[in-house]
Amino acid sequence: MSAVSKVAIVGGGVAGMVSAIILADGGVEVDVYEAKSEVTALGSGITLQGNALRVFDQVGIWERIQEQSYSFDEVSMRAPDPAGTVIASLTETRTGGPEYPATAGMYRPDLAKILAERALEVGARIHYGTTVTGLEQDGDGVTLTTDAGDTSRVDLVVGADGLNSPTRSLIGIETKPERTGMGIWRAFVERPAEVTHTDLYYGGRCFIAGYCPTGENSIYAYLVEKAQDRTGLTPAESVEIMRDLAGSYGGPWQEIRDSLTESARVHYTLFTSHVVPDAWNRGRVVIIGDAAHSCPPTIAQGAAQAAEDGLVLATMLLESDQLDEQFWDDFHARRIPRASHVVEASTTLGQWQLDGKRDGNVPALMGGVAQLVAVPA
C-alpha cells in the first residue's frame, strides 16, 4: 500500500515529471503545477549520462530518447591551439549499465516534451500556467492554493520547481544557490561531420570549450568564461560575443563558429552551486532536483541527479505504508550524500579553472564520479 494517495508536484522539469510518472503509474492521483504556459525548456542541448538513461528507461521513455538523441561512449581532450590538437581520447564508463551508452546528447525541449507526454499517458494531470502561492499543512495533509484562487487537499507536495524554488521559500528553507564565478554560453547548431562525441578544450580564452552531438544534424556547443553581467544583450550581440570567443579554438570549432547565427539560440547563464544540507522536507512538503541541490554543468550530472531524486522519492512512496520520520530519514540517507558528492566534484573542477591550477586531475575526478553514479541510486 502506498504512503500517499494524492500528490501535488510543483514544477514540470525532470525531477517533477519523473516522480509524476512513477506515482501516477503506481495508482496515485497526481497533479503537476507548472508556471510556464506550455511544455518548454531552455532551447539548447543537454548531455545525459548513463545513470540518467537508466532512470528514463525505468519510467518508460528510453526508446523515445534513443530515437531523438545521439549516443556515444568516448570523450576527447583537445588543446586550445589553432589546430585543436587531440591530446587524449578516453572511453567513458557506462554508468547506467552495459545496456545503455555512456552518454546521449539531445535537444533539451525534446526531452521535456517526451517526459510530459509520458506523464499524461499514465494518468497525471498537468496544469500549465499555474503558480502555487500557498501551502498550509497539518499532520494529515496539505492544502495548496494557486494564483487563480483554487485550492486542493493532498497528502504530499513535491517542490520540483527549480533553482529559485518558490516552494523552498514557502517552507522556510533558507539555503539558496550561490554563484561560483563562471558563466556559460550555449548554442544549438549544425553538427560538423567529424564531431561524433564530446570534445573538451581546457584553457585558452575560456576556461572550457566543448560540444556534444545531439542528433545526426545537430550539436550543443558551449563556452565557459569568468562570470560577467551579460544582461540586456540583443540576440545579435550575444551571437557576436560567442563567435568572437569561439574564434580562438581550432578543430571543429571553426565550422561551429560559422553556424553561430541568431537561429542558433545563443544564450548565457551563470553557474550556481548549493545543497540543502539537512532535511529536504518540512512535514508533508519536500523539495527535490534543482530546488534541493544544483551544480555547475562541468560534469553533466544536473539532470541525472534530478531524475534520481524523482525516482527514489516516488519509488519509496509507493513501497512505504506511511509518511513518517523514518521515511524521511531513509530518503535523505539515500539522496543527500550522493547529491553532495556530485555537487562537490563539479564545483571543484570549476574552482581548479578559476584558480588557474594545472595540477587538477580531471580524468581522475570524473572517474570518481562515474564510479559513484554507476551504483543505482
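Let's start with helix H9, which covers residues 325-354: its 30 residues reach 41 Å from first to last C-alpha, close to the 44 Å expected at 1.5 Å a residue. That expected span is 1.5 Å times one less than the number of residues. Helices here are DSSP runs of H or I with at least four residues, strands are runs of E with at least two, and both are numbered from the N terminus.

H9 bends by about 30 degrees at His-332, where the bend is the angle between axes fitted to the seven residues ending at a position and the seven starting there. After H9 comes Gly-356, with a positive phi near 70 degrees.

## About the model

This is a predicted model, in which local features need pLDDT of at least 70 and side-chain atom pairs count only at pLDDT 80 or more, while totals for chains, interfaces and linings use all residues. Residues are numbered from 1 along each chain as its sequence is written, and side-chain values use heavy atoms, with hydrogens and water left out.

## The eight-stranded sheet

Follow the order S6-S5-S14-S15-S16-S13-S17-S20 and you trace an open sheet of eight strands with mixed pairing. Two strands count as paired if DSSP finds at least two bridges between them. S6 (86-91) and S20 (293-294) are the edge strands with a single partner each, so one side of each has no neighbour in the sheet.

His-274 has Ser-294 in S20 as its bridge partner.

## The three-stranded sheet

A second open sheet has three strands in the order S3-S7-S4, paired antiparallel. Ignoring direction, neighbouring strands are turned by 20 degrees against each other on average.

S3 and S7 (residues 103-107) run antiparallel and are joined by five bridges; Thr-47 stands opposite Gly-105 in S7. Helix H2 packs on this sheet and touches S3 and S7, its direction making about 90 degrees with that of S3. Contact means heavy atoms within 4.5 Å.

## Where H2 meets H8

H2 (residues 50-58) also meets H8 (residues 302-319): their axes come within 8 Å and cross at roughly 40 degrees. Axes are lines fitted to C-alpha atoms, for helices over the stretch in contact, with angles from 0 to 180 degrees between N-to-C directions.

Among the residues in contact are Val-55 and Phe-56 of H2 and Leu-311 of H8.
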